[in-house]
Amino acid sequence: MGLFDALMGNASELKLEDVQQEFAHVLARTERVEKAYKLIRDLFVFTNSRLILIDKQGVTGKKTEFHSIPYKSITHFSIETAGTFDLDAELKIWISGTAAPIEKRFNKSLNIYELQSVLAEYVLK
């Protein structure tokens, strides 16, 4: 991920093997990482069971919050593709019991349709 994309708040895709290994202590025994993205220091990880939002806090990033959202709690989601002058794609996820969606932006090189497919596969079961 380029510095410019990081400063603009765009996310980049991470290697699944690295994420699976780094967060093995958070994952259930049969859980596997499907997709993972980094947004500056924070991560969001899509597994076969849930969405995990990882918020690294403080100057050093040692304090970490893990927010787990089971797919059954996701009521709906939307994607917005990047345009000619709008260089980022957007993902919005609505969780039952909350009015405001979780919003994430991705750089134009990321395939937002692939991410939508992962969500659709698990949310629409």
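Trainee: Where do I start: what is the mean pLDDT of the protein?

Mentor: Start with confidence. The mean pLDDT is 84. Of the residues, 88% reach 70 or more.

Trainee: Which element has the lowest mean pLDDT, and which the highest?

Mentor: Helix 1, residues 3-7, is lowest with a mean of 49. Helix 2 is highest, at 95. Where pLDDT is low, the predicted coordinates should not be read in detail.

Trainee: Next, the fold. How many helices and strands does the protein have?

Mentor: Three helices and eight strands. Read from the N terminus, the order is α-β-α-β-β-β-β-β-β-β-α.

Trainee: What share of the 125 residues is buried?

Mentor: Buried residues come to 39%. Among contacts with a separation of 6 or more, 36% join residues 24 or more positions apart.

Trainee: Take Phe46 by itself. Which residues does Phe46 touch?

Mentor: Leave out residues up to four places away in sequence. Phe46 then touches Arg32, Val33, Glu34, Lys35, Tyr37, Leu51, Tyr71, Leu91, Leu115, Val118 and Leu119. Phe46 also belongs to an aromatic cluster with Tyr37 and Phe44.

Trainee: How many aromatic pairs does a search of the whole structure find?

Mentor: Five. For each pair, check the centre distance and the angle between planes. Take Phe23 and Phe66. Their ring centres are 6.1 Å apart and their planes stand at 75 degrees. Planes over 60 degrees apart count as edge-to-face, so this pair is edge-to-face.

Trainee: Why does the Phe23 and Phe66 pair tie together parts that are apart in sequence?

Mentor: Locate both residues. Phe23 sits in the loop between helix 2 (16-22) and strand 2 (33-39). Phe66 sits in strand 5, residues 63-70. The pair therefore links parts that are 43 residues apart in sequence.

Trainee: Are Phe23 and Phe66 buried or partly exposed?

Mentor: Judge each by relative accessible area. Phe23 is at 7%, which makes it buried. Phe66 is at 35%, so it counts as partly exposed.

Trainee: Now charge. What is the nearest side chain of opposite charge to Glu90?

Mentor: It is Lys92, at 4.7 Å. A salt bridge needs the charged atoms within 4 Å, so Glu90 has none. Yet Glu90 is buried. Beyond its sequence neighbours up to four places away, Glu90 touches Ser78, Ile79, Glu80, Lys104, Arg105 and Ile112.

Trainee: Which residues is Leu110 in contact with, leaving aside neighbours within four places in sequence?

Mentor: Glu13 and Tyr37. The C-alpha atoms of Leu110 and Ser12 are 7.1 Å apart, while the two residues are 98 residues apart along the chain.

Technical notes: Residues numbered from 1 in each chain as written. Predicted model: local features only at pLDDT ≥ 70, side-chain atom pairs only at ≥ 80, totals over all residues. Heavy atoms only, no water. Phe/Tyr/Trp six-rings, centres within 6.5 Å; stacked < 30°, edge-to-face > 60°. Helix = DSSP H or I, 4+ residues; strand = E, 2+ residues; numbered from the N terminus. Buried < 20%, exposed > 50% of the residue type's maximum accessible area, 1.4 Å probe, protein only. pLDDT = per-residue confidence, 0-100. Contact = heavy atoms within 4.5 Å. Lys, Arg positive; Asp, Glu negative; His and termini not counted.
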